[in-house]
Every structure is written in C-alpha cells, then in structure tokens.
Amino acid sequence: MTTTDSTHVTSTGASAGIAPRLAEALAPFIGGGELPVRLRAWDGSETGSPDGPLVVLSSVDAVRRLLWHPGELGAAQAYVTGELDVPEVDGWDLDKALTYAFAVAKERGLSGARPTPTAMVKAVRTALDLGALGRPPAAPASQAQIRGRLHSALRDRRAIAHHYDLSNEFYSLILEPHMAYSSGYHTTPEVPLQEAQEAKLDLVCTKLGLEEGSTLLDIGCGWGSMSLRAAEKFGAKVVGVTIAAEQKKFIDARIAERGLGDRVEIRLQDYREVPERGTFDAVSSIEMGEHVGQKNYPTYAEVLHRSVKPGGRVLIQQMSRTGKWPGGGPFIESFIAPDMYMRPVGETVAFLERAGLEVRDVHGLREHYVHTVAGWLENFYANRDRLVELMGEEVYRVWELYLVGGSMAFRDGRMGVDQILMVRPGGQHTLPLVRSW
C-alpha cells in the first residue's frame with residue numbers, strides 16, 4: 001500500500017472540480033447524504049467526509065472500470081493497477097477502510113438497492129463530461145484468463161497453475177517454514193504462525209490415527225507440509241498428489257534433503273487419476289476440495305471413499321461460504337482462485353455421506369483463520385520489497401487485497417473453515433469412544 005501526506009487539497013471552485021461532480025453523481029447509489037469517504041480525484045480536487053478514509057482516483061480509467069464492471073470487480077481492477085488507492089493516512093489502512101465501507105453499506109441498506117433511471121442518466125452524463133465513457137480498459141495483467149471446459153483436467157491444471165505456480169520463493173516469504181497454505185490451529189491468538197501450523201498438522205495426524213507404518217494418501221498436498229509431517233513425526237508412509245509442478249519440485253527437494261525417499265512419494269497427478277482402491281489406512285485433503293467444483297464434488301467424495309480401507313479414516317479441511325458468491329466473490333474468482341467453489345458446511349457433509357462415508361466430527365476453525373492470515377500479513381508487509389522485486393507491484397497489490405479481504409471474511413463470518421473427520425464403513429474403525437480434540 002502506498003502512503004501519502006494528509007494535506008487536504010481542493011480545486012479552485014469546488015463545484016467545478018472532478019471529485020465533487022463524482023460525489024454528486026454517486027449520491028443516489030450510496031443512499032444519499034455525504035460521501036462517506038474523503039475522495040481525491042486526478043485533478044487534485046477533494047470532497048466527502050473529512051473523517052473518512054482517503055480514496056485517491058489517479059486516473060479516469062478507475063471510473064471507466066467501475067462503469068464497465070460496477071461493484072467489487074471494477075474497484076479491484078482499479079486498485080491492483082494503482083488507478084485507485086487507499087493511502088495509509090490519518091490512522092486508516094486498507095483493512096480499516098474496507099471494514100468501514102462494509103459497515104456503511106449495511107447501515108444504509110445498500111445491498112440490492114437499485115438506482116432510478118434518472119440517477120442512471122445523470123451518472124452517464126457525468127461520465128461523458130469527464131471523458132470516462134469509451135471502450136473498457138484492458139484487464140490487468142494479473143487477472144486470470146482461464147479457458148476450457150469447466151473443471152476438465154486441463155482447465156483445472158491451468159487454474160491451479162495461475163494461483164500456485166507464481167514462485168516458490170514468493171510463497172516462502174508469506175508462509176512459515178513448513179509452507180502450510182491453510183488455516184493453522186491457534187491455542188491462543190499470540191501463538192506464532194509456525195507453531196500454529198505444526199499444531200494443525202499434528203491435530204490432523206492424531207485425528208487420522210497415524211502411527212509407525214500407517215499408509216496415508218494426501219490429496220492436494222501443496223508444498224508437502226502434511227505429507228512430510230506425517231512421515232517425519234508419525235512414521236507414516238505417504239503418497240501425496242498435486243497438479244502444481246512447482247509444488248512437486250519443492251517437495252521432492254525437501255524429501256531428498258531429509259532422507260525421506262523411502263517414506264514419501266509425490267505424484268504430479270489429478271485426484272481423479274489416483275488408481276488405488278481400498279489401499280490406504282487414512283486419507284487427508286487440506287483445503288483442496290474448494291477447487292474441484294460443485295458438479296465434480298461427488299467424484300471427489302467418491303475418490304476419498306474408494307481410496308481408504310474399510311474402517312479407515314478420512315479427514316478434509318475445507319472452507320465454507322453462504323450467499324450468492326460460492327467462489328468467494330468477483331475479485332477472488334478473477335484474480336486468485338478461478339473456478340473455486342464453496343458451499344455451507346452442511347451441504348458438504350451431505351455430499352460426503354452420499355459417497356458412503358460416515359461423518360464423525362465437524363470441527364469449526366473460523367476464528368483460527370483470522371489469526372493465521374494475521375501471521376501471513378505480517379510476513380507479507382515485512383518482505384514487501386522482495387515480493388515486489390519478484391512479482392511486480394500489481395501482483396503485490398492483488399495479494400494485499402486478497403489477504404486483507406480474506407481476513408475480514410473469516411472475522412465477520414462470511415466464510416468459515418472446518419475439519420470434517422469420517423470413516424469408511426465396512427470394517428472395524430479405531431476411533432476412541434471419547435475424544436480429546
């Protein structure tokens with residue numbers, strides 16, 4: 001995020017300035033009354049609440065994007081390109097500014113509000129006068145352009161590559177040494193990120209009953225945090241599968257460094273292509289189910305069921321969401337995780353039960369994700385210069401918006417994350433009658 005001084009700049013004759021004209025055109029769309037933010041336009045004019053966060057429009061393209069993509073997507077495009085900025089001034093930062101915007105929208109009842117035809121005509125006239133009408137600006141370079149049949153193996157590989165093949169170093173500067181890219185398990189908010197991730201991995205291994213010689217299939221193994229922990233600390237023999245080539249290279253190097261070649265095998269393999277049937281003592285899948293899609297989720301659940309022995313345990317950790325944006329919203333779907341799909345946890349449980357698995361525990365971890373993202377953001381800001389050097393300013397701004405917005409979604413209950421523990425019927429399971437987790 002950029003910083004700027006907090007000097008109030010106004011144009012000569014405020015009524016002629018671009019910012020006041022924009023505010024007047026926006027009034028019917030924001031419930032009337034004063035603009036809740038302090039708006040500075042590209043001509044230097046300002047208007048709006050002097051106590052609100054400063055929003056800087058440095059180019060008419062910001063307005064043009066919002067006309068072509070009203071709401072979240074247009075604003076996100078303008079933010080990542082730097083045409084719209086929220087400078088850190090007067091105690092405001094991006095998190096506080098977005099939290100404030102959500103609160104104002106709720107207070108004014110803006111969700112689903114429809115402007116009148118008169119308001120639309122006035123807005124178009126203002127845009128015309130300001131030179132904001134015309135062809136849409138090109139999409140930001142960081143915006144995903146994924147083609148192909150939805151959730152075909154090829155398209156899934158492209159979607160995963162967009163998100164996970166940025167750079168192993170990039171992720172290493174944000175995550176902790178285990179490279180666990182999922183919610184940790186925080187016994188207190190103050191627990192360091194690495195300790196919380198180790199606690200999460202140990203919790204999953206304990207729930208799965210792993211011990212010396214156990215066999216584990218790790219579906220969507222990421223950078224190997226679960227696969228390596230299960231082998232090193234619990235003595236399991238692990239097969240991990242991923243469709244991200246950069247992740248496989250990373251894990252293979254760690255396997256070699258740690259002498260785990262006889263215990264961990266990593267395959268560049270789609271989950272649908274796992275050939276084993278009833279082979280593994282346990283199956284884990286940590287925040288991978290969100291990527292398989294709604295139509296393919298029964299196939300994913302069937303793979304979980306068929307891969308584990310009768311009586312064996314399966315654990316997934318998966319994000320949940322209610323509302324009209326199962327993919328996480330226009331920004332997430334366009335810039336971060338194309339084709340992602342989330343649903344309420346109860347619907348996921350129903351899919352798993354229909355696949356033949358017996359659900360034994362559902363463990364909500366929503367608040368834990370807030371603390372995990374706080375740790376990621378601390379690393380992110382501390383390593384700003386290197387992250388920009390690696391990926392450029394635009395990608396840095398994409399990830400800032402992603403991390404801040406994600407933290408808010410978990411904090412405010414718009415998203416959740418749960419560990420779902422299951423057993424495959426047909427054999428004697430070893431779950432204790434009383435469990436301490």
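Helices (H or I, at least four residues) and strands (E, at least two) are DSSP runs, numbered from the N terminus. The model is predicted: local features need pLDDT of at least 70, side-chain atom pairs count only at pLDDT 80 or more, and totals for chains, interfaces and linings use all residues. Residues are numbered from 1 along each chain as its sequence is written, and side-chain values use heavy atoms, with hydrogens and water left out.

**View 1. Helix H4 spans residues 94-107.** The expected span of a helix is 1.5 Å times one less than its number of residues. For the 14 residues of H4 this gives 20 Å, and the end C-alpha atoms are 20 Å apart, which agrees. Leu94, Ala97 and Val104 are buried (under 20% relative accessible area, with a 1.4 Å probe and protein chains only; exposed is over 50%, partly exposed in between). Seen down the helix axis, the buried residues of H4 fall within an arc of 95 degrees, so they line one face. The arc is that of the directions from the axis to the C-beta atoms. An α-helix has 3.6 residues a turn, so residues three or four places apart point the same way. On the other side of H4, Lys106 and Glu107 are exposed. Cover for the buried residues includes helix H3 (72-81) and helix H16 (393-411).

**View 2. The two ends of H4.** Aspartate 93 caps the N-terminal end. One of its side-chain oxygens lies 3.2 Å from the backbone nitrogen of aspartate 95. Just after H4, glycine 109 takes a positive phi of about 60 degrees.

**View 3. Strand E8 (residues 280-286) and its partners E5 and E9.** Six of the seven residues of E8 are buried, so the strand is largely enclosed by the rest of the structure. Strands pair if DSSP finds at least two bridges between them. Strand E5 (residues 215-219) pairs with E8 in the parallel sense over three bridges. Here aspartate 218 stands opposite serine 284. Strand E9 (residues 308-321) also runs parallel to E8, joined by six bridges. Valine 283 stands opposite valine 314 in E9. From E8 the chain crosses through helix H11 (residues 297-307) to E9, a right-handed β-α-β crossover. Right-handed means that, with the strands pointing away from the viewer, the path from the first strand over the helix to the second runs clockwise.

**View 4. Serine 49 in the loop between strands E2 (46-48) and E3 (54-57).** Serine 49 is buried, at a relative accessible area of 10%. It touches (heavy atoms within 4.5 Å) Glu34, Leu35, Pro36, Val37 and Arg38, not counting residues up to four places away in sequence.

Technical notes. A polar contact is a pair of N or O atoms within 3.5 Å; within protein, one must be able to donate a hydrogen and the other to accept it, and residues adjacent in sequence count only if both atoms are side-chain atoms.
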